Amino acid sequence: MFEQTFKNIDDVLWKEAGCTTELDYTEQTSWLLFLKYLDDLEQERALEAELAGKPYEFIIDEAHRWLSWVAPKKADDTLDHDNALIGDDLIDYVNRKLFPYLQSFKQRATSPDTIEYKIGEIFSEIKNRFQSGYSLRDALEYIDELRFRSQQEKHKLSHLYEAKIKNMGNAGRNGGKYYTPRPLIRAMIQVVKPKIGDRIYDGACGSAGFLCESYDYLRRGKLTTKELEILQKHTFTGKEKKSLAYVIAIMNMILHGIDAPNIIHTNTLTENLSDIQDKNRFDVILANPPFGGKERKEVQQNFPIKTGETAFLFLQHFIKILKMGGKAAVVIKNTFLSNSDNASRALRQELLSSCNLHTILDCPSGTFIGAGVKTVVLFFEKGKPFDSVKGTPLFCALDYEGAYLMRVGEELRPMTPDMLKRIFAEDQQDWFSQPARCDASPDDVIALLDTQTYFELLKISYPTSRDAVLERLQSQDLIKQTAQGWTISNIAAILLAKKLDAFSPALARKAPRVVIYEGINKLKTRDDNTGNRGYAVGFGRLVDFVHSAAPQNRFIEEVVREEVKMFPEQALRELIANALVHQDFLATGTSVMIEMYSDRIEISNPGIPPIKVERFIDENRSRNEQLADIMRRFGICEEKGSGIDKVVSAAEDSQLPAPDFRVGDTRTTAVLFAHQDFADMSKTDRIRACYQHCCLLYVSNQRMSNQTLRERFRLSDSQVATVSLIIKATKEAGLIKADESESTSTRYARYLPFWA
């Protein structure tokens, strides 16, 4: 019956002058179906309220309800043709009264997740394309035959609607925009295996095929009332930019059984990645983002890897918004695997270093009708950059002459025993989630963790009860209640411990150590101090201690006529925080080291960085994203990518040599130098300063010139030639290049970092 009704509606639309394509057919069917669904929903709710002896307040007022203008009834329940609108009267009513009334719901809705808001959004984005009121009357009477009362009826209608979406997709070259083949979607879902309680996301949802199929997958079997409520209200989120696709997505999810779909009408790519917090992240991502599109420059500024390719921007978004341990399956062009441009290479490196890309599905030609490209599906898990299958590492490790090597930038370096241990450890719990203390009582938790400082760092009032304190910590996954008591996680202990050694010797060994030497070498130690408080609660005291122990900057003191420490406090703060956050916690028996000499301070951490040191200023890739996120919320870390900028800027302001970043076999070290006159700087020091100055200006949307570099070194105009030689040497080192868009004159030349 329903199938014939849909065919009859298509026949009416085919004859209608205002509807010329399959896209028009689907759009017009969608708004008619939506109003019929809404009426059936309201009638059902009104009946339930009546049976319960309660009043019911209709969403749609009586004058605009389905039964008033589409299907007014006589006493015998047959259609009252005398009062049913038709012809020009019907078109005039729909265009001048009905649509404006429905559009007004958007302004009156209490929040975007209400059905009232969806009504206003839908009818603000589409328009009535019927020109003949007689054709519209025929379509309305066919729609009136449909019923949405039972799940079985909705199921039948959903299949017919999906077929209509498929036809719409197949009708044009942009079919993939609206329709991903359902067998492919189901295969992706079966690999990812979402479960009840997972939050599932598609940031380019189109017709919501992934969300609908996920609902069908999770709906199998007998579910409890609570599980059904979770599916309805707390599981699915979609975002869609295109108006028609947005409307279709809502209707598609409604027909599959979601009463108030959480589909947001927005351009996902306008969201800045740095604004994404833990609460915004999802457990599962399933998506087929648009490929081949080009995004504007201002949109690209929201992403660390700049590219006009829409699909590459979406992939960055998906990696960022996926929870640690979350699973994703994303369709993308197969050229992503082989393109040699900078953006493709950087994005591949980002994916492999932050996720476990465990499977790549090569889709056959013609999977997307009319798309004209071959595609692959990337299956990955967030937070496990090294994959292993039966002890054989994939993508990352290479066995050569008895040693395992890993790629760092363009180099291959031997792996440490700790790295190998991590690679070959299958299915181990993340270090931060591992328990630091089990079976703790509520009093134990309060005694072990500095909860007072925790709330102060977040700038929120301390709860009035102990239970509220525990509830807050548990909501942030810092502690977890079990049948035996409370489990304090490693991340809670390492951040909030009053005494790290109260947990375990292993945790105590991760406390930062400060060593102060006499002179420029390690021959004589003046002070050796190892901390014992958690990183967050002890951070301010640690920075103050290091800063106060630093020697005086006599050069600056002569200018400002006040006491000034050699190493800027802001630079120390950023470098210490950076070392704490980016260390390798799986490296045992070692910690963050802060070593102060008379002419420099070295701050090092276990582990080697996933990016080359030359890219520290503009790029950022945290080994420990969960820790970094919490430290940012505490105000200890800067937003991603800005910390090292501040270090370089502080060094320039304090007239210090450029900081140096070094990578050894097992550790990463940042070095701040004491003041040096320009004449005493080596060629290497000058080149490093030139490169960092160029990077700093570039990320500030400025360009380096001979003049700006002279100002950085505090040199006079008479030393133009000297600075030109430094610029030339830095260019020859491959670190900077001329800005071709600016003047080609040597005197007025502007320069960019090599990676710009």
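**Packing and aromatic contacts in the predicted chain**

Ala738 is partly exposed, at 28% relative accessible area (buried means under 20%, exposed over 50%, partly exposed in between, with a 1.4 Å probe and protein chains only). The model is a predicted one, in which local features need pLDDT of at least 70, side-chain atom pairs count only at pLDDT 80 or more, and totals for chains, interfaces and linings use all residues. Residues are numbered from 1 along each chain as its sequence is written, and side-chain values use heavy atoms, with hydrogens and water left out.

Ala738 belongs to strand β22 (residues 736-738). Helices (H or I, at least four residues) and strands (E, at least two) are DSSP runs, numbered from the N terminus. Ala738 touches Lys731, Arg750 and Tyr751, leaving aside residues up to four places away in sequence. Contact means heavy atoms within 4.5 Å.

The chain as a whole has 30 helices and 23 strands. Of its 756 residues, 53% count as buried. Among contacts between residues at least 6 apart in sequence, 68% join residues at least 24 apart.

Nonpolar cores were examined next. A nonpolar core is a set of buried Ala, Val, Leu, Ile, Met, Phe, Trp, Tyr and Cys residues joined through side-chain atoms within 4.5 Å. In soluble globular proteins, nonpolar side chains tend to be buried together. The largest core here holds 100 residues, and Leu495 and Phe634 touch the most other members. Phe634 touches Tyr454, Leu457, Leu458, Leu495, Leu496 and Ala536, not counting residues up to four places away in sequence. Another core, of 74 residues, lies apart from it; Leu102, Val192, Ala208 and Cys363 are among its members.

Helix α19 (residues 451-458) packs with helix α20 (residues 466-475): their axes come within 12 Å and cross at roughly 65 degrees. Axes are lines fitted to C-alpha atoms, for helices over the stretch in contact, and angles run from 0 to 180 degrees between N-to-C directions. The α19 and α20 crossing is left-handed, a term used if the near helix is turned anticlockwise from the far one by less than a right angle. Thr451, Tyr454, Phe455 and Leu458 of α19 make the contact with Val469, Arg472 and Leu473 of α20.

Aromatic pairs were then counted. Rings of Phe, Tyr and Trp (its six-membered ring) pair if their centres lie within 6.5 Å; planes under 30 degrees apart count as stacked, over 60 as edge-to-face and the rest as tilted. The count comes to 25 aromatic pairs. Tyr56 and Phe58 form an edge-to-face pair, because their ring centres are 5.0 Å apart and their planes stand at 80 degrees. Tyr56 is partly exposed, at 25%. Phe58 is also partly exposed, at 25%.

Tyr691 and Phe754 form a stacked pair, 6.1 Å centre to centre with 25 degrees between the planes. Tyr691 lies in helix α28 (residues 683-699) and Phe754 in the segment after β23 (751-753), so the pair ties together parts that are 63 residues apart in sequence. Tyr691 is buried, at 6% relative accessible area, whereas Phe754 is partly exposed, at 35%. Elsewhere, Trp31, Phe34, Phe99 and Phe123 form one aromatic cluster.

Charged groups also sit over rings (NZ of Lys or CZ of Arg within 6 Å of the ring centre and within 35 degrees of the ring normal). Arg65 lies over the face of Phe58, 3.8 Å from the ring centre. Arg686 lies over the face of Phe678, at 4.0 Å from the ring centre.
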